[in-house]
Amino acid sequence: MARRASRECQETRVKTFPQRSLIIPFTLGTITKHVPDETTLIPDSKFEIQSEFQRLIFMPPELDRATANALLGYFQDRRQSVLILTRAIAEIESPSGDLNGSRGIVERLAEEAKQVKCVTGIERVPAANDYGEHLRITAFSDGASVGDETILMIGHTDTVYPLGTLMKRPWREEQGRVYAPGVFDMKANCALAIEVLRACSALSLKPRRPVVLLLTCDEETGSFSGRALVEGEARRAASVLVLEPPATGGRAKTGRKGTAGYQITAHGRAAHAGLEPEKGASAILEIARQIERLHAMNDASCGTTVNVGVVCGGTRSNVVAAEAQAEVDVRFTTMAEAERIEREILNLLSFDERVRVSIEGEVNRPPLERTERVIALYEQARRVAGKLGFELGETSVGGASDANFAAAVGAAVLDGLGIDGDGAHADHEHIVVEDIARRGALLAGLIVTL
Ligand SMILES: [Zn+2]
């Protein structure tokens, strides 16, 4: 993947709502309804007080049981609404690069977000070359939060499915599962994220920081234009919650490998394979030998994988091949390892000195490393899940997402927070309906305790 820096962010179309009064003045009755006895209701001096009349009541770092139950009840009641919105956007096909599909979804989600009380800004950000539209929704940005840092939720509205897939595999609900192209990765999560904001408003839960929901339109094709937005938002975020699908068993993703791609070309010398083969220098033989060398770089002990996935070369069987190529995919868990492997690949020497070897390529996505900050964020999510009555596991995976870009700028990132299901990028893609309530409650519980 080449670096295609985007400038479209400068042409942001901004649509901001007039500021509403976002701080709901609590009555003591309302507070005690959601906050248990041990919670201190006296405003802490470290929190700003907006006015004499409006005190900010922030959630404590631990989710109390009453709020946990209120959240679970809320999302159980709203499950059907989440599915209705999910269906509306799942039935707008949006393969990466499809402008109309992207706009259709953004329009529908923006319309929905407008009705949510705590939402303070909705921006539609056109991607370069009419590739689509990114959507940035801001909530609780009333200037009365702790510091300037935000809580960032990131997701994407594009899918890997070409137009027409929906006709072959229309929306289908069966045995507690919903099947549709892109529903698991990740249209249901886009719908759920807006419901999470609505839940905070409805239950009068005020996060301690402004919340930003960023939905990009080109994640599935490498985030050429969304990357800058993701990095920019991640830099000002205290925590980044990534709405990608969870791993099996609903586990969160605390590590993702980084990726790099290289193209190795051997330039040999053509000759007649029967008459004077000695005058030729086979590029194919050279590539074959290099492949052995590349595969020897695999190192399971540190999770490094090197795979030659494509080879091509030669013209006819009776010609010594003048040119051949190999495409290499490299995955790694640390940048140090990425640099080490890159050095080895860039310094490959030819076996046959008559053959010249040229190499192109680079790191596409840095790894999401399982740092202290990532672990701390995961631990918080695990505690919130515990209050909601379920165990949240964690794992590291080989695939990359926008979480990689967010982590690379130093943000605390937790990925795989989407609704449970299976079949991302496959024919049996689905979500588990029962998981909607607890995932929604988990996200909301996290937002109000971070
Ligand atoms: Zn995805």
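Predicted model: local features only at pLDDT ≥ 70, side-chain atom pairs only at ≥ 80, totals over all residues.
## The strands around L152

In β7, L152 has V212 as its bridge partner. Residues are numbered from 1 along each chain as its sequence is written. Strands (E, at least two residues) and helices (H or I, at least four) are DSSP runs numbered from the N terminus, and two strands pair if DSSP finds at least two bridges between them. On this basis β4 and β7 are paired in the parallel sense over 6 bridges. Strand β3 (residues 133-139) also pairs with β7, here in the antiparallel sense and over 5 bridges; A139 stands opposite V211 in β7.

L152 has a bridge partner in β8 as well, namely V240. β8 in turn runs parallel to strand β17 (residues 413-414), to which 2 bridges join it, and V240 stands opposite V413 in β17. Strands of a sheet pair through backbone hydrogen bonds, either parallel or antiparallel.

## Burial and nonpolar cores

A residue is termed buried if 20 or more other C-beta atoms lie within 10 Å of its own, exposed if 12 or fewer, and partly exposed in between, with C-beta atoms placed from the backbone. Of the 450 residues of the protein chain, 46% count as buried.

A nonpolar core is a set of buried Ala, Val, Leu, Ile, Met, Phe, Trp, Tyr and Cys residues joined through C-beta atoms within 7 Å. The largest such core has 93 residues, and those with the most contacts inside it are L152, V240, A381, A406, V413, L414 and I447. The largest share of this core, 13 residues, comes from α6. Apart from it lies another core of 21 residues, including I287, V320, F332 and A338. In soluble globular proteins, nonpolar side chains tend to be buried together.

Two residues are in contact if their C-beta atoms, placed from the backbone, lie within 7 Å. Leaving aside neighbours within four places in sequence, I447 is in contact with I151, V196, C200, P207 and V211.

The strands of an open sheet, 4 in number, follow the order β5-β6-β19-β18 with antiparallel pairing. β5 (172-174) and β18 (421-422) stand at the edges, each with a single partner strand, so one side of each is left without a neighbour in the sheet. Within this sheet, β6 (residues 177-179) and β19 (residues 430-432) are antiparallel and joined by 3 bridges, and V178 has I431 as its bridge partner in β19.

Axes are lines fitted to C-alpha atoms, for helices over the stretch in contact, and angles run from 0 to 180 degrees between N-to-C directions. Helix α6 (residues 183-202) lies across β6, β18 and β19, at about 55 degrees to β19.

## Helix packing around α3

Helix α3 (residues 79-90) packs against α6 at an angle of about 130 degrees, with the axes 9 Å apart. Angles under 35 degrees count as roughly parallel, over 145 as roughly antiparallel, 65 to 115 as roughly perpendicular and the rest as oblique; α3 and α6 are therefore oblique to each other. The contact is made by S81, V82, L85, T86, I89 and A90 of α3 and V183, K187, A188, C190, A191, L192 and E195 of α6.

The axes of α3 and helix α4 (residues 99-114) come within 9 Å and cross at roughly 155 degrees. These two helices are therefore roughly antiparallel to each other. From α3, the contact involves L85, A88 and I89, and from α4, I105, R108, L109 and E112.

## The loop residue V160

V160 is found in the loop between β4 and α5 (165-168). With 16 C-beta neighbours inside 10 Å, V160 counts as partly exposed. Its C-alpha atom is separated by 6.7 Å from that of S96, 64 residues apart along the chain. Leaving aside neighbours within four places in sequence, V160 is in contact with E220 and H425.
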